[in-house]
Amino acid sequence: MKRSVVDQTIETAKELFATIGLHLPPFAFWTVEDWQSKGSECDEIRDSMLGWDVTDFGQGNFDQLGRTLLTLRNGSSKYGSGKDYAEKLILDPENQKPPLHFHRSKMEDIINRGGGNIIIRLFQANDKGQRSDEDLTIQIDGQTTDYKAGKHLRLEPGQSLCIPPGLIHQFWGEQGTGVLIRGKRYTVSGEVSRTCDDWEDNCWLEPCERFCKIEEDKPAQHYLVHEYPSAQ
Ligand SMILES: [Fe+2]
């Protein structure tokens, strides 16, 4: 995907988070130029991959298949902070989905932080790692409820769903809901989870690239989480 699209979606995310009253840590605003003066005191940000994470999963269709995330905290064996938890904010444009996937070990809560509604669909994985039609039981804000495989489940602002390892999931902003920015509507979801290892823990149902190739059609405004240069 193009760098200009990466930077545009980050600007939209910053605008939306501010609109709904979500305040961000300083590193969310640091530019490529700002990073020139950051030394080893910022190694936790580099090694735990905190910051902006934008991808079209290598599919070239960002409006339909993509993600814009801001990792606020995470543990990593590289940095060795001892943190065994993670938190992210996710921009949910109307109808923009990630590919169907599940996690090997990460358990995550997906929380609607505001804007509009989030639609989620879920499937139990079979022994080949593909979707099964089996119905399941889920936890929404501490309440156990029956769920029919693949059904569209709506989370309104404030609601959250617990997604255990092995549960296939996909969620997106509901069409016609959310904060209007430059002709499109957006919701914000939050993810609170165990440590997130985006290199090893994701199982995609179709081949895709978690960190996609960026076409440098303009100078980058922000580094993405996997692009930070080492401290000088
Ligand atoms: Fe996930």
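Guide: Two strands pair when DSSP finds at least two bridges between them. Keep that in mind as we look around this predicted model.

Visitor: What makes S5 and S10 a pair?

Guide: Strand S5 (residues 108-114) and strand S10 (residues 160-163) share four bridges. The cut-off is at least two, so they count as paired. Their sense is antiparallel. For one of the contacts, look at Asp109, whose bridge partner in S10 is Cys162.

Visitor: And why do S7 and S10 count as a pair?

Guide: Strand S7 (residues 136-140) is joined to S10 by two bridges, and the two run antiparallel. At least two bridges are needed, so S7 and S10 qualify. Here Gln139 is the residue standing opposite Cys162.

Visitor: Which residues of H1 are buried?

Guide: Those are Val6, Thr9, Ile10, Ala13, Leu16 and Phe17. Viewed down the helix axis, the buried residues of H1 stay within an arc of 130°, so they line one face. What they pack against is a set of strands: S1 (51-55), S2 (67-73), S3 (85-93), S12 (179-181) and S13 (184-194).

Visitor: Why is Leu224 called buried?

Guide: Leu224 has 20 other C-beta atoms within 10 Å. The cut-off for buried is 20 or more, so Leu224 makes it. You'll find Leu224 in the segment after strand S14 (202-204), and Leu224 touches Trp52, Asp53 and Val54.

Visitor: What makes their phi angles worth a look?

Guide: Most residues other than glycine have a negative phi. Asn95 is not a glycine, yet its phi is positive, near 65°. Asp141 has a positive phi too, about 50°.

Visitor: Which residues touch the most other members of the largest nonpolar core?

Guide: Of its 22 residues, that would be Ala13, Leu16, Trp52, Leu89, Leu91 and Val188. H1, S1, S2, S3 and S13 each supply at least two residues, and H1 gives the most, with five. A second, separate core has 14 residues, including Ile120, Leu122, Phe123 and Leu155. In general, nonpolar side chains in soluble globular proteins tend to be buried together.

Visitor: How do you know what radius of gyration to expect for the whole chain?

Guide: For 232 residues, a compact globule would come out near 17 Å. The chain has 17 Å, so it agrees with the globule rule. Its C-alpha atoms fill a box of roughly 55 × 40 × 30 Å along the principal axes. Buried residues make up 32% of the chain, and its secondary structure comes to three helices and 14 strands.

Conventions
Residues are numbered from 1 along each chain as its sequence is written. This is a predicted model: local features need pLDDT of at least 70, side-chain atom pairs count only at pLDDT 80 or more; totals for chains, interfaces and linings use all residues. A residue is buried if 20 or more other C-beta atoms lie within 10 Å of its own, exposed if 12 or fewer, and partly exposed in between; C-beta atoms are placed from the backbone. The arc is that of the directions from the helix axis to the C-beta atoms. Two residues are in contact if their C-beta atoms, placed from the backbone, lie within 7 Å. The radius of gyration is taken over C-alpha atoms; the globule rule is 2.2 Å times the number of residues to the power 0.38. A nonpolar core is a set of buried Ala, Val, Leu, Ile, Met, Phe, Trp, Tyr and Cys residues joined through C-beta atoms within 7 Å. Lists of a residue's contacts leave out its neighbours within four places in sequence.
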